[in-house]
Amino acid sequence: MNNLAIRVDHLGKQYRIGASPDRYNTLRDSIVGMLKTPIRRIRQGLMPTSEDEHNTIWALKDISFDVKQGQVLGVIGRNGAGKSTLLKVLSRVTEPSAGEVEIRGRVGSLLEVGTGFHPELTGRENTYLNGAILGMPRSEIDRKFDEIIDFSGVEKFIDTPVKRYSSGMYLRLAFAVAAHLEPEILVVDEVLAVGDAEFQRKCLGKMSDVAQEGRTVLFVSHNMSAILRLTEEVIVLDRGLLVKRASTVEGVDYYMASGFSEAGERSWTEDEWPPGPFKPLALRVRDVREQIVDMTRSTEPIIVEIEYEIDEAMQGLRVGIYLMSMRGEHIFTSFDTDDAEKFEEFGVRRPGRYKSRCIIPADTLNEGRYVLGVNASIFRVNRFFQDERALTFTVDTVGAPGKQWPETRLGLVRPRLEWKIELQ
Amino acid sequence: MAETSLPTKTVPETVILRPSSGWSTLNLRDLWAYRELIYFLTWRDVIVRYKQTVLGAAWAVINPLINMVVLQVVFGNFAGMNPEGDIPGPLFRFASVLPWGLFSAALNSAGRSMLSNRSILTKIYFPRLIIPLSSVLGGLVDFAIGFFVLIGMMVFWGVVPSWQMITLPLIILFSLVTALGGGLWFSALNVLYRDVGYVLPVFTQLLLFISPVGYSTSTVPVQWQWLYALNPIVGVIESFRWAVFGTVPTPGIPLWALVTISASVSILLLVSGLFYFRRMERTFADMV
């Protein structure tokens, strides 16, 4: 353990899920249940044994990896993969259920920004409080106070209670305090997911400064661009297991390409079918390799596929999609018979099972999350099926034009335009 | 939860995290390392309590005064239980209300402390003992203010404070130890069983009546006084009154006997509370 900052050895973390929803059929059962439950719970409370209950899940299973001092490691994976749990264990917030973790150095965790902030206290008071909670000795806070306030930009309001701050000011102050932590090991969880574009840019900037100072950093994010920019290596978690450890480029590629197909697809069962001859079966998003994905690259085309069945011949049926941003702004609507030729060819659709597919061209959408909706109708006659928020997917702009500047570009579209530069 | 090796100047501290089972050590080293946080959390609790109030710190005086009046009327005028010596009833009761107030405020706030601090509990590491500890310490400020008023009242009534006042710091410590012992148990239990949060105010009320706040221990038949002293607050309050006025409950068992019984219970509560809290600590972040 000479130059290792963190050593994780067969780490496991188990959680008990929910108070077991005992269902009782008879009043007698209910009463007996009511009497039994306190006894059981008191026994568990006074003498907690290792989980003997059936309702437990292993959020982390047999995880082993090392982090050298000064290394910047990214942790990626789908929601629920165990990333936050891993950080919580490393931050000593929660205890391992199995295995061992060895940590060398003080750990500063940014699991959330503004931890411990109290709305009644002023910005100044909260800075001291938050700093102390994060582990900064008072002398250190005194020394860095001016720097922190300067970084946050809330100088004028530093003596007003924080409950009067706008959410932006709040975030900036909270991040300013956290950013001036100087631990040997920094553990960051999706802090960049909140705030406006400018705030995120500032966060990224500060994070890369910290990384360059030679501290060990563990960084969890869904933002592949940030991961690629800040980290050298990543580990990929999936359902509690460590499935891959590789250089960032390779790891991100693996993650995005593995087509975690639970998401990226929305299917409808019989009881969800609307009355009428149109029966929606599934809506899918695929990448160029035909994998079902919920995250795509903006530099690649996105395939959207609707699978459905119709019971009888339908004239003038059109099946199509809506695309919306997460904020609900409509981006476009497009039907499979929009094209005049298609409209002619499929004027009458015979009964059967169909797949309507379209391709959203590469270099169209900007990074972010989008919502797909489905519509099946005959214009001005009947709307057979509509689901405006059937599926969401994410677009990542890794490798897109202009990515040599790490900035968030506003707007829903990110086209690759042909620029000509001429010296006059 | 973790064992720490000795930190040296150049080599950073190494910490090993393993699943723990059974009883944990008290980890006082970590507590010392985080001592500033104790100050900050106590300071936060005190400041927040009085921000946005009109009367602010005056409440530290008004509350005990009101309590005193009620107790005087109920126990003094209605029940006719009057204190020994020539201490005026109201003064006697005000003096009793102060340590009682310290204790009951500490107990109630410690009981709630884990739940009300859940946001920092689930995000940051620090020795969890700090939370009930700082909520207990928060009561000291109010106590100090009330104490000055007490001195003022004594001057007003012409009662001379006795030399035993020197022992006050010890008695305050006694009071805090008792409050912390109870507070640790309640705060840990409250995380598991939210019932505790509901029971606590009622429990504190009952405790008020079985403690010699409104009346003196001498009211209890002498042969039962040793049993009565198993309530640690008995020792706290009687020793406080002795320190301030020099009075001792008569007829009664010797004060040192009373205090010894109470103090033993108090220490037992504290030690058992500490160990129970540390044992349950590993589940707090997951259950709070």
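Analyst: Picture one helix lying over another: their crossing is left-handed if the near helix is turned anticlockwise from the far one by less than a right angle, and right-handed if clockwise. Here the crossing of helix 7 and helix 10 of chain B is left-handed. This is a predicted model, where local features need pLDDT of at least 70 and side-chain atom pairs count only at 80 or more, while totals for chains, interfaces and linings use all residues. Residues are numbered from 1 along each chain as its sequence is written, with chains lettered from A and ligands numbered from 1 in the order written.

User: Which residues of helix 7 and helix 10 of chain B meet?

Analyst: Among them, Leu168(B), Ile171(B) and Phe174(B) of helix 7 meet residues of helix 10 including Val236(B) and Phe240(B) (in contact means C-beta atoms, placed from the backbone, within 7 Å).

User: What makes strand 4 of chain A stand out on the side that touches chain B?

Analyst: In all, 35 residues of chain A contact 30 of chain B. Strand 4 (98–104) of chain A gives the most to that side, with 6 residues.

User: How do you know that strand 4 of chain A pairs with strand 2 of chain B?

Analyst: Pairing takes at least two DSSP bridges, and 4 bridges join these antiparallel strands. Val101(A) stands opposite Leu17(B).

Technical notes: Two residues are in contact if their C-beta atoms, placed from the backbone, lie within 7 Å. Helices (H or I, at least four residues) and strands (E, at least two) are DSSP runs, numbered from the N terminus.
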